[in-house]
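The tour below goes from selection to selection and says what is found at each stop.

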Amino acid sequence: MSDPLFEFLCRMGDNTLVLGHRVSEWCGVAPVLEEDIALANTALDLIGQTTLWLNLAGEVEGKGRDADALAFRRDVWDFHNVLLVEQPNGDFGQTIMRQFLFDAWHRGYLTALTGSSHTQVAAIAEKSLKEVTYHLERTTDTVIGLGDGTEESHKRMQSALDRLYPYIGEMFFKDAVDEAMISEGIAPDPTSLRAAFDSLLDEVLAKATLTRPDGTFAHKGGKSGQRHSEHLGHILAQMQWLQRAYPDATW
Amino acid sequence: MSSPESGSYDATEAAPHGKPRATEWPLWEVFIRGQHGLSHRHVGSLHAADAESAIKNARDVYTRRNEGLSIWVVEASAIAASSPEEKGPLYEPSNDKVYRHPTFFDIPDEVGAM
């Protein structure tokens with residue numbers, strides 16, 4: 001296993017990078033202008049956070065790689081984002097549901113990270129937390145608005161939830177990298193954050209008149225990099241082609 | 001859209017150019033008090049389902065470059081406006097009443113902006 005701190009920082013950065021890129025796919029085609037700009041803002045926040053996480057990862061690694069090198073010169077198996085963030089946008093409801101589930105995890109995790117023993121990690125978490133608090137506020141309202149909306153919007157939100165529900169578990173799954181981070185006081189135990197996530201989820205789903213699916217099955221393999229879904233390769237092809245075709249190209 | 005599953009919106013949901021869509025949200029006027037501004041200024045309008053989402057949309061549409069400290073939104077239909085045709089009777093009478101402008105006083109520099 002590579003340095004657990006490097007691995008942990010890549011996971012943080014890969015989550016925000018892949019989701020940021022996904023959300024940016026809505027730019028110019030969202031159902032209304034206001035949502036289009038809001039989604040673009042969210043995407044930009046996430047890409048900004050990516051820069052912080054991956055630059056720190058490169059620094060920790062000490063091989064001269066910066067955020068750009070890590071973002072554009074790694075292949076699928078080196079990406080360690082959770083599977084949830086690489087799932088397709090689907091319709092607007094599916095995008096919002098994915099974002100809500102991620103935001104709810106992200107806010108809890110970042111809140112814990114603000115108390116990290118690693119000062120740079122704590123500082124990045126604190127800066128990100130302000131943005132993510134707003135993301136969660138916005139997606140919470142939208143999930144409730146669409147869930148408790150028209151028959152059509154309710155149906156779409158329920159099917160988005162049913163589809164994405166099995167991807168929640170991976171965010172709270174603990175492995176050797178987490179163990180190492182916990183023992184050094186750098187990051188929290190992900191399993192300890194599940195109860196708060198669940199109660200928020202229940203509260204929001206109740207207001208949204210959505211039904212929480214049964215079952216505890218969780219897809220895994222993104223965080224460890226062992227088994228990504230087919231979608232990640234498509235994202236990277238689009239995201240990386242320029243730097244791959246013209247290495248070190250700048251504006 | 002790179003992913004095989006990326007969806008796009010059905011073209012039948014689009015409205016003819018210049019016509020609002022059948023499901024259009026109400027229009028809101030947005031007022032923002034800037035970093036150094038003393039009062040809220042009208043910055044534009046947007047669509048939103050309710051007041052709360054209008055404020056959130058205003059935050060996203062109009063404060064991206066750190067413009068604002070405070071946002072007001074008001075539903076456009078709630079604004080009572082004067083009619084442009086009444087321009088003459090409403091405003092012309094004040095044209096020749098120059099004594100209403102306090103331009104005949106010397107303001108000491110110490111007073112600053114008024």
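**Chain A as a whole**

Select chain A and colour by secondary structure: there are ten helices and zero strands. Helices (H or I, at least four residues) and strands (E, at least two) are DSSP runs, numbered from the N terminus. The order of elements from the N terminus is accordingly α-α-α-α-α-α-α-α-α-α.

Before going on, note that this is a predicted model, in which local features need pLDDT of at least 70, side-chain atom pairs count only at pLDDT 80 or more, and totals for chains, interfaces and linings use all residues. Residues are numbered from 1 along each chain as its sequence is written, while chains are lettered from A and ligands numbered from 1 in the order in which they are written.

Of the 251 residues in chain A, 45% are buried. A residue is buried if 20 or more other C-beta atoms lie within 10 Å of its own, exposed if 12 or fewer, and partly exposed in between, with C-beta atoms placed from the backbone. In chain A, 73% of the contacts between residues at least 6 apart in sequence join residues at least 24 apart. Two residues are in contact if their C-beta atoms, placed from the backbone, lie within 7 Å.

**The core**

Next select A:Leu9, A:Leu84, A:Met97 and A:Leu101, which touch the most other members of the largest nonpolar core, a set of 64 residues. A nonpolar core is a set of buried Ala, Val, Leu, Ile, Met, Phe, Trp, Tyr and Cys residues joined through C-beta atoms within 7 Å. The element that gives the most to this core is helix H5 (residues 92–113) of chain A, with eleven residues.

Which residues are in contact with A:Leu84, leaving aside its neighbours within four places in sequence? They are A:Arg98, A:Leu101, A:Phe102, A:Leu164, A:Tyr167, A:Glu170 and A:Met171. Another core lies apart from the largest one; it has nine residues, among them B:Val30, B:Ala48, B:Ala58 and B:Val61.

**Two helix pairs**

Show helix H2 (residues 33–61) and helix H6 (residues 119–147) of chain A, which pack at an angle of about 165° with their axes 11 Å apart. Axes are lines fitted to C-alpha atoms, for helices over the stretch in contact, and angles run from 0 to 180 degrees between N-to-C directions. H2(A) is therefore roughly antiparallel to H6(A), a term for angles over 145 degrees.

The residues of H2(A) that meet H6(A) include A:Asp45, A:Gln49 and A:Trp53, and those on the H6(A) side include A:Glu131, A:His135 and A:Arg138.

Now show H5(A) with H9(A): they pack at an angle of about 140°, with their axes 10 Å apart. Here A:Ala104, A:Trp105 and A:Gly108 in H5(A) meet A:Ala196, A:Phe197, A:Leu200 and A:Leu201 in H9(A).

**After H9**

Select A:Thr209, in the loop between H9 and H10 of chain A. Its phi is near 55°, a positive value in a residue other than glycine. Most residues other than glycine have a negative phi. A:Thr209 is partly exposed, with 13 other C-beta atoms within 10 Å.

A:Glu230 is in the loop between helix H9 (194–207) and helix H10 (231–245) of chain A. A:Glu230 counts as exposed because it has 11 C-beta neighbours inside 10 Å.

A:Pro247 lies in the segment after H10 of chain A, and is 178 residues from A:Ala69 in sequence but 10.0 Å away in space, C-alpha to C-alpha. A:Asp248 is also found in the segment after H10, and has a positive phi of about 65° although it is not a glycine.

**Chain B**

Finally select chain B, which has two helices and three strands. Read along the sequence, they follow the pattern β-β-α-β-α. Buried residues make up 13% of the 114 residues in chain B.

Notes:
Parallel < 35°, antiparallel > 145°, perpendicular 65-115°, else oblique.
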